[in-house]
Amino acid sequence: MTRRTSSAGDRHRALAVPAAAGALVLVLAACGGGAGASTGEDDGEAALGTGPLDAYFERIYEEAWVDPNQAYVDAMTEGERDAYYVALYGDQTGPEEGAEEEWEYDWTTAGCQGSSQHAIEEKYGLGGEEMTALQEEMEGLWAQISADERITALTSRWSDCMADAGYPGLAAMEDAQNAVMEEQNAIYEEVFEGAGEDADYEALDAEVQERTAALTGKEIATAVADFDCREEIEFDEVQVEVTNEYQQTFVDTHRAELDAWAESVEAARS
């Protein structure tokens, strides 16, 4: 069962993916997927994208991709669907439990998507050590922002505010949301533990929905307290200021690489 977690850096880490992801439409088109389409919906994150580096991300990740093959896949039998995903993604089993060696991605075993992504990286110069190094520096950028003394001081004040509101022991912003998610994960795991092929998954899912619905009030109350504390200390305003400051420095330092990345992705789309 998939566990739900949240992190203050999730959004930025998600953006700092392999550069060829910007050409994902072409990857899946090469696999027979078509061009996809924008959902036209705001996922709640767009409002955060106000800084200099965010402008590049808006050029690279301008659309929310929707799988045009979903109806086709839904009509398959379970066996056909398994074969479809193996052909598309390869047999990505990952490391065996208890294995000491770190598992590494290999595009040659990643099915049609792996070969298509590799072809795009080769054609448009989106891969290689230079791009990997740039992405690693992006990862470090978000860590620097989180460690900035202006942010850590506000986080401490937020923690005190949440404790006064009845939510003690929260050391980081994401802890509030994760506390509720952990309870939801526990319900999923408890209900589906040991469920075999013959299990009544519809009934199990109904039980999960009923039990997680009981957490709605707690989730809303936690979210309201979180919002009120952020407002009280003006956290969002300071975070935007600090983030933009770090982003501008990063853009000034890496403008040539960022321009090349964005132009390559735009060329791949055309």
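Trainee: How many aromatic pairs does the count come to?

Mentor: The model is a predicted one, and the count comes to four aromatic pairs. One of them joins Tyr84 and Tyr85.

Trainee: What makes the pair of Tyr84 and Tyr85 edge-to-face?

Mentor: The ring centres are 5.2 Å apart and the planes stand at 80 degrees. Centres within 6.5 Å make a pair, and planes over 60 degrees apart make it edge-to-face, so both terms apply.

Trainee: Why is the pair of Tyr85 and Tyr89 called stacked?

Mentor: Its planes are 5 degrees apart, with 6.0 Å from centre to centre. An angle under 30 degrees counts as stacked, and therefore the name holds. Tyr85 and Tyr89 are four residues apart in helix α5, which means that about one helical turn separates them.

Trainee: Why does Tyr84 count as buried, and why does Tyr85 count as partly exposed?

Mentor: Tyr84 has 19% relative accessibility, and buried means under 20%. Tyr85, at 29%, counts as partly exposed, because that term covers the range between 20% and 50%. Tyr89, with 34%, is likewise partly exposed.

Trainee: Which residues gather in the patch of negative charge on the surface?

Mentor: They are Asp160, Asp164, Asp228, Glu231, Glu232, Glu234 and Glu237. Helix α11 gives the most, with three residues, and Glu231 lies in that helix.

Terms used. Residues are numbered from 1 along each chain as its sequence is written. This is a predicted model: local features need pLDDT of at least 70, side-chain atom pairs count only at pLDDT 80 or more; totals for chains, interfaces and linings use all residues. Side-chain values use heavy atoms; hydrogens and water are left out. Patches are made of residues with over 30% relative accessible area and no salt bridge: like charges are joined within 9 Å, nonpolar side chains (Val, Leu, Ile, Met, Phe, Trp, Tyr) within 5 Å. Accessible areas come from the Shrake-Rupley method with a 1.4 Å probe; for residues, only the protein chains shown count as cover. A salt bridge is a side-chain nitrogen of Lys or Arg within 4 Å of a carboxyl oxygen of Asp or Glu. Lys and Arg count as positive and Asp and Glu as negative; His and the chain ends are not counted. The place of a charge is taken as NZ of Lys, CZ of Arg, CG of Asp or CD of Glu. Helices (H or I, at least four residues) and strands (E, at least two) are DSSP runs, numbered from the N terminus. Buried means under 20% relative accessible area, exposed over 50%, partly exposed in between (1.4 Å probe, protein chains only).
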